[in-house]
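Thanks for coming, everyone. I have one model to walk you through. Please take a look before I start.

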Amino acid sequence: MEQTHSTAIADTVWTNVNLITGELADQGLVTAKNQSVVVKDGRIMAIFDQSSGAALPQAERIIDGEGGWLSPGLIDCHTHLVFAGNRADEFEQRLEGVPYETIAKQGGGILSTVIATRSASEEALLKLALPRLDALIAEGVTTVEIKSGYGLTLNDELKILRVAKQLANHRPINISTTLLAAHAVPPEFKGKADQYIDLVCNEIIPQAAEQQLADAVDVFCEGIGFSPAQSEKVMQAAKACGLGVKAHVEQLSNLSGAALTAKYQGWSADHLEYLDEAGVKALAESNTAAVLLPGAFYFLREQQLPPIDLLRKYQVPMALATDFNPGTSPLASIRLMMNMGCTLFRMTPSEVIAAVTANGAKALKMEESRGIIKEGMAADMVLWDIQHLAELAYQFGPQVIKQRMVNGQITGSGAHV
């Protein structure tokens, strides 16, 4: 499958591959059969149609893809990967009929994870996060966004972000970090949500920006989270510090949080089950990605589907992510999310593949460097042992990865990716 040459002007050439570019067109996902892809210095140098007869450059490594499908590396653009403890007891409570909102108001939910995470060291959090990350890597993920939100103090939020960044030193992965200090009102601020928002805006966001620990800022705009007015203060503070804006919105009710996110040129609005047409239109006008999270929808046994047809109508980029977290989506499987995107949300296989490649990159403002296979893009790619691209959404579990590449480096093959 692989050859090496001592005199080379390229690092790697993949030959005999079928490309899944990651881009959507009117007829579905853009693909190209019988291609060669040339990689140099961590980027895609050239793409050749092998039927053209064009001579390929000498490369240090030549990989025969044997007719496999080569896609962009998958992008999980919404996770809460760094935390301590678990909430299996709450899972049991919900199965016995206790609503999620009731559990949260009784001190469970996010706050129970906050207590465990505050008491954990950075070393302990890193050790806990690595197996979760490994599960994503094994399914072809090459870029993952990781949020804070389980510290809710200046020191603990920065601790989580530091751990998230450290993960890239231990695994071949691209990490995007998001400050989610406005995730819940911490117990010491009970009844004082406005004062806590002032702390987030005046201290936590500026410190995260100054220490370059966050790329973006997120906020939970919801009845059990923060009001639109409080959320807007967070967005204003993020913009003032030069950070991107993201938001959990319209998950349990419609507070017009998506339109508010669009007002601040948000990178993404996430969840969106209760999104209305006005909100969809606002997202389209601001080019804000819609991040759909079927894992939480499934795990909470929700009934309100996100407005997929409206998102299509207004051509809003739809991304999918695991939302991996201990309470509402303890599911570290991007392939499962692709399957759920089809089976629960009625998306097409082409749409869900674009959702975890090109549109996942848009949700992280990485569309200029990742998410698509084309010349000049970062060489994050996965070679799949499949016969039809729909297999990526059709099943999950079986290992179908031949090789995985991150920033031009082969990170492993088969079960060792």
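First, the ground rules. This is a predicted model, with local features needing pLDDT of at least 70 and side-chain atom pairs counted only at pLDDT 80 or more, while totals for chains, interfaces and linings use all residues. Residues are numbered from 1 along each chain as its sequence is written, and side-chain values use heavy atoms, with hydrogens and water left out.

So, the site. Where does UniProt place the feature "binding site"? The unreviewed entry puts it at His 78, His 80, His 248 and Asp 323. These residues span 246 residues in sequence, yet no two of their C-alpha atoms are more than 12.4 Å apart, so they gather at one spot. His 80, His 248 and Asp 323 also belong to the lining of the largest cavity. A word on terms. UniProt positions are in the numbering used here, feature names are shortened, and annotations may be inferred rather than shown by experiment. A cavity is a set of points on a 1 Å grid over the protein atoms alone where a 1.4 Å probe fits but cannot get out; lining residues have an atom within 4 Å of a point.

Now the histidines. His 78 lies in the loop between β7 and α1. His 80 is in the loop between β7 (74-76) and α1 (88-95). His 248 sits in strand β11, residues 244-249. Helices (H or I, at least four residues) and strands (E, at least two) are DSSP runs, numbered from the N terminus.

Buried or exposed, His 78? It is buried, at 0% relative accessibility. His 80 is buried at 2%, and His 248 is buried at 4%. Buried means under 20% relative accessible area, exposed over 50%, and partly exposed in between, with a 1.4 Å probe and protein chains only.

Side chains next. His 78 and His 80 make a polar contact of 3.2 Å. His 248 and His 78 make one of 3.3 Å. A polar contact is a pair of N or O atoms within 3.5 Å; within protein, one must be able to donate a hydrogen and the other to accept it, and residues adjacent in sequence count only if both atoms are side-chain atoms.

Leaving aside neighbours within four places in sequence, His 80 has contacts that include Lys 147, His 183 and Asp 323. Contact means heavy atoms within 4.5 Å.

On to the sheet. It is open, has 8 strands with parallel pairing, and the order is β7-β8-β9-β10-β11-β12-β13-β14. β7 and β14 (318-320) stand at the edges with a single partner strand each, so one side of each has no neighbour in the sheet. The twist averages 25° from one strand to the next. Strands pair if DSSP finds at least two bridges between them. Helix α7, residues 228-240, lies across β9, β10 and β11 and runs at about 180° to β10. Axes are lines fitted to C-alpha atoms, for helices over the stretch in contact, and angles run from 0 to 180 degrees between N-to-C directions.

Two last places. Ala 25, in strand β2 (residues 10-25), is partly exposed at 44%.

Methods
1 Å grid on protein atoms, 1.4 Å probe; cavity = no way out; pocket = protein on both sides within 12 Å on 5 of 7 lines; lining within 4 Å.
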